[in-house]
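Visitor: Please pick a single part of this model and take me through it closely. I want its partners and its contacts.

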Amino acid sequence: MLRPLVVALSLLLLSGCISDAPDIEEVEYTQVTGAVTFKEATLLPPNSRLKIAVLDAKERGAILMRNEFNVGKLPVPFFLSAPTEIVNEDGDYAIWAAIEVNGKTLLQTQAPFTRVINNDVFNAIIEVKPLK
């Protein structure tokens, strides 16, 4: 008899905790996807890491999106995103990628860099090459 009463009171108290929370503004994201490749499928040394970023070529050091993760072979897919509100309409966005092994760059994108976002390109194949 006491148990149903405790359950009913608990439910009544919990129902008072539910409130109309304000709507959380949904953030819209700009996404760039694709794959980083080498001239042929390649197994990479242990401890290899992919560093990839979307940079604004007009502003030195301006990074819009970036990611870094361990990788064992190429090609490897990537996914980058950033809130659309920080994308500059006048930006000249390019993708840069590098493969590092124990902190030393082994492969890297070379000019010309693939342009994205403001030219309506959101998916790209990025080729890395040995450093010259």
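Guide: A35 stands opposite P77 in β6. This is a predicted model, so local features need pLDDT of at least 70 and side-chain atom pairs count only at pLDDT 80 or more, while totals for chains, interfaces and linings use all residues. Residues are numbered from 1 along each chain as its sequence is written, and side-chain values use heavy atoms, with hydrogens and water left out.

The part to look at is strand β1, residues 29–37. Strands are DSSP runs of E, at least two residues, numbered from the N terminus. Two strands pair if DSSP finds at least two bridges between them. β1 pairs with β6 (residues 76–83) in the antiparallel sense, over eight bridges. Q31 also faces β6, standing opposite S81. β10 (residues 123–127) runs parallel to β1, joined to it by five bridges. There, V36 stands opposite I126.

Together they form an open sheet of three strands, in the order β6-β1-β10, with mixed pairing. β6 and β10 are the edges, each pairing on one side only. The twist averages 25° from one strand to the next (lines fitted to C-alpha atoms; angles from 0 to 180 degrees between N-to-C directions).

Now the packing. V36 touches L50, I52, L74, P75, V76, F78, A97, I126 and V128, not counting residues up to four places away in sequence. Contact means heavy atoms within 4.5 Å. V36 is among the residues with the most contacts inside the largest nonpolar core, which has 26 residues. β1, β6 and β10 are among the elements giving two or more residues to this core. Such a core is a set of buried Ala, Val, Leu, Ile, Met, Phe, Trp, Tyr and Cys residues joined through side-chain atoms within 4.5 Å. Buried means under 20% relative accessible area, with a 1.4 Å probe and protein chains only.

Conventions: Helix = DSSP H or I, 4+ residues; strand = E, 2+ residues; numbered from the N terminus. Buried < 20%, exposed > 50% of the residue type's maximum accessible area, 1.4 Å probe, protein only.
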